Amino acid sequence: MHEIKDRLKEVKERIRKAALACGRDPLSVKLVAVSKTMPVEKIRCAIEAGVTILGENYVQEARKKIDALSSYPVSWHFIGHLQTNKAKYAVRLFDLIHSVDSEKLAREIDRQAKKANKIQQVLIQVNIGKDPAKSGTAAENTIRLLREICHLENISVQGLMTMPPFFDDPEKVRPYFVAMSELRDQIRQENIPNISMDELSMGMTGDFEVAIECGATLVRIGTAIFGKRN
Ligand SMILES: *Cc1c(COP(=O)(O)O)cnc(C)c1O
């Protein structure tokens, strides 16, 4: 379990270096430790080593872990694909949902958040690589989606998230990260009411340094902290 502590320290140092190297404040990059498939004990180690945000992909799995670790003042983010019929649970469990990609899902989250007396913070997931196997709205439909959901009172859009195509060489991912940053800037210019574009969730174990150079404010890192998943 010392391993998690050592790996976390190394990841944080790499984040700090990557931010400083491009003239950014290291505090402007938040680390989401992706704990999907990891047991409660490993997550506890990560929290005790200083992790403050955990990312989970499956509602059922997360529910048990969040329950078991409820004594820790950490924030849980939902980063997986969210089915409309799970929105109710997601709203109760997560501070930020990274994966809103349709008007239908946004409406259901809004409805459930209203019932729970909560303003649910969300990101819009963009399928920037047009990968048919990935969720996310097409880049060219993002502004339309935002206009459709901006009046929902119990949802608060904080920015964008993406899962670009996978490459061994992180430099090959750079154009997708740049495209996300440009899309964010374009959306800002639209001045859509109630829509904030402060957050850009992108970058994983293999490419987070490039993502930081391209403006990521939330990096979602699993393997580099917890080791390989089974
Ligand atoms: C699993 C996962 C990650 C973390 O991936 P690693 O390569 O292990 O860092 C990040 N984002 C999403 C959406 C994931 O599903």
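## Exercises on a predicted model

In strand β5, Gln-121 is the residue opposite Leu-96. This is a predicted model, in which local features need pLDDT of at least 70 and side-chain atom pairs count only at pLDDT 80 or more, while totals for chains, interfaces and linings use all residues. Residues are numbered from 1 along each chain as its sequence is written, and side-chain values use heavy atoms, with hydrogens and water left out.

**Exercise 1. State in which sense β4 and β5 run, and how many bridges join them.**

Step 1. Helices (H or I, at least four residues) and strands (E, at least two) are DSSP runs, numbered from the N terminus. Two strands pair if DSSP finds at least two bridges between them.

Step 2. β4 and β5 run parallel, and three bridges join them.

Step 3. In β5, six of the seven residues are buried. Buried means under 20% relative accessible area, exposed means over 50%, and partly exposed lies in between (1.4 Å probe, protein chains only).

**Exercise 2. Find which residues lie on each side of strand β2 (residues 53-56), and decide whether they are buried or exposed.**

Step 1. In a regular strand the side chains alternate between the two faces of the sheet.

Step 2. In β2, one side holds Ile-53 and Gly-55, and the other holds Leu-54 and Glu-56. These four residues are all buried, and both faces of β2 are covered.

Step 3. β2 pairs with β1 in the parallel sense, over two bridges. Leu-54 of β2 has Ala-33 opposite to it.

**Exercise 3. Place His-77 in the fold and name the side chain with which its own side chain makes a polar contact.**

Step 1. His-77 belongs to strand β3 (residues 75-78). Its relative accessible area is 6%, so His-77 counts as buried.

Step 2. Contact means heavy atoms within 4.5 Å. Apart from neighbours within four places in sequence, the contacts of His-77 include Ile-53, Leu-54, Gly-55 and Glu-56. Val-32, Phe-94 and Leu-218 are also among them.

Step 3. A polar contact is a pair of N or O atoms within 3.5 Å; within protein, one must be able to donate a hydrogen and the other to accept it, and residues adjacent in sequence count only if both atoms are side-chain atoms. The side chains of His-77 and His-98 make such a contact, at 2.9 Å.

**Exercise 4. Check the span of helix α5 (residues 103-115) and list what covers its buried residues.**

Step 1. The expected span of a helix is 1.5 Å times one less than its number of residues.

Step 2. The buried residues of α5 are Leu-105, Ala-106, Glu-108, Ile-109, Asp-110, Gln-112 and Ala-113.

Step 3. Their cover includes α4 (87-93), β4 (96-100), β5 (120-126), α6 (142-149) and β6 (155-162).

Step 4. After α5 comes Asn-117, with a positive phi near 60°.

**Exercise 5. Locate Asn-154 and find which backbone oxygen lies 3.0 Å from a polar atom of its side chain.**

Step 1. Asn-154 sits in the loop between α6 and β6. With a relative accessible area of 10%, Asn-154 is buried.

Step 2. Residues up to four places away in sequence aside, Asn-154 touches Asp-110, Ala-113, Lys-114, Lys-118, Ile-119 and Gln-120.

Step 3. The oxygen in question is that of Lys-118.

Step 4. From Asn-154 to Arg-111 the C-alpha distance is 7.5 Å, although 43 residues separate them in sequence.
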